[in-house]
Amino acid sequence: MSSPAILNGKNAVVTGGSSGIGLAIAQSLIEAGAKVMITGRNEERLNEAVAQLGDNAFGLAMDVSKEADVEALLQAAQTQLGPIEVLVNNAGISPWFTRSEKVELSDWQAIIDINLTGVFLCTRIFGNEMLGRGKGSIINITSVGAHAGLSRQVAYCAAKAGVEGMTRSLTKDWAARGVRVNNVAPGYVRTKMTAGFVDNEALRADLLQSTPMDRLGEGAEIASAVVYLASDAASYVCGTTIAVDGGWVAT
Ligand SMILES: NC(=O)c1ccc[n+]([C@@H]2O[C@H](COP(=O)([O-])OP(=O)(O)OC[C@H]3O[C@@H](n4cnc5c(N)ncnc54)[C@H](OP(=O)(O)O)[C@@H]3O)[C@@H](O)[C@H]2O)c1
C-alpha cells in the first residue's frame with residue numbers, strides 16, 4: 001500500500017513493534033525502505049517478530065516507562081542502525097475495563113506510566129538527538145479514545161488525550177528546529193490488546209455501530225498513515241492527528 005522506497009536510507013524505532021499494530025507498522029516501514037528497531041518487554045515474542053520481519057529488523061527488549069531502558073534503546077538503535085530519524089511511540093496497554101469510580105490509583109498509574117510517561121520519555125530522549133541533527137519525525141499512536149469517551153477506560157482516555165496535548169506543545173518547541181511530531185489515532189483493530197473485546201459478539205456489534213464503515217481496521221491501514229508521516233512527503237505536516245478509524249470520530 002505504501003510507495004516503494006519512500007523511506008530509503010531512513011532508520012526508525014517502533015516501540016511495541018513486537019505485536020499487533022506496531023508489528024504492522026514495522027513491516028510497512030521496512031517495505032518502504034527503512035531499517036527498523038522494534039521493542040517490547042517479552043523477549044520471546046520480540047525475537048519471533050524480528051525473525052518474521054527479516055534482515056532490516058532489529059530488536060531490543062525494554063520497558064518504555066523506565067528511563068534507563070529508553071537511554072539503552074537510543075544507544076542500541078544508534079549503534080546497530082545509525083542516526084534515528086523516525087520514532088513511532090506505539091507501545092501501550094489497556095488491561096482493564098473498570099467503572100471510573102472503582103479505579104485504583106495503582107491501576108491508573110500503571111496505564112499513565114506506559115501510555116503517557118513512556119511516550120514523553122522516548123520523545124525527549126530521541127528528540128534531543130533529532131534536534132541536534134535538525135531533522136526527525138515522531139509519530140504517536142493515540143486512539144479514538146483521545147477524542148471520544150470510551151466507557152470504563154478513564155486512565156486510557158486521559159493518557160491518549162494527554163499525548164495529543166503533548167504533541168501540540170512539542171510542535172511549538174520543536175517544529176522550527178526540524179523535528180515534526182504528529183499522531184495517528186486508530187479505531188478498533190483486532191490485536192492481542194482488543195481480541196477479548198472484539199471477539200465478544202455483543203461488544204463487537206456495539207462498537208461497529210459507532211463505526212460508519214461497519215468493520216474493524218487492519219494494522220496495515222494504520223501503518224499507511226505512519227509511513228506517510230515518517231516520509232518527506234509530510235514535510236509541512238506537524239502538530240496534528242490523522243484519524244484512521246473508519247469514520248468513528250466523525251459521528
Ligand atoms: N488495537 C486497537 O484497536 C487500538 C485502537 C486504538 C489505539 N491502539 C493503540 O495502538 C497501540 C498498539 O496496540 P495493539 O492493539 O497493537 O496492542 P498489542 O498487540 O497488545 O501490542 C502492544 C505492544 O506494546 C508493547 N508494550 C506494552 N507495554 C510496553 C512497555 N511498557 N514497554 C515496551 N513495550 C511495551 C507490547 O509488548 P510486551 O507486552 O512484550 O511489552 C506489544 O509489542 C497502543 O498504543 C494502543 O493503545 C490500539
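How many Å should the 12 residues of H1 span at 1.5 Å a residue? They should span 16 Å, and the end C-alpha atoms are 17 Å apart, which agrees. The expected span is 1.5 Å times one less than the number of residues.

## The model

This is a predicted model: local features need pLDDT of at least 70, side-chain atom pairs count only at pLDDT 80 or more, and totals for chains, interfaces and linings use all residues. Residues are numbered from 1 along each chain as its sequence is written.

## Helix H1

Helices (H or I, at least four residues) and strands (E, at least two) are DSSP runs, numbered from the N terminus. H1 is largely enclosed by the rest of the structure, because 11 of its 12 residues are buried. Buried means 20 or more other C-beta atoms within 10 Å of a residue's own, placed from the backbone. Among the buried residues are Gly20, Ile25 and Leu29. Gly33 follows H1, with a positive phi near 110°.

## The ligand shell

The shell around the ligand holds 31 residues (C-beta atom, placed from the backbone, within 6 Å). Gly16, Gly20, Gly40, Arg41 and Gly92 come nearest. H1 (20-31), strand E2 (35-40) and H4 each give two or more residues. The largest share, three residues, comes from H1.

## The nonpolar core

The largest nonpolar core has 68 residues. Such a core joins buried Ala, Val, Leu, Ile, Met, Phe, Trp, Tyr and Cys residues through C-beta atoms within 7 Å. Ile25, Leu29 and Ile222 are among those touching the most other members. Helix H4 (residues 105-133) gives the largest share, eight residues.
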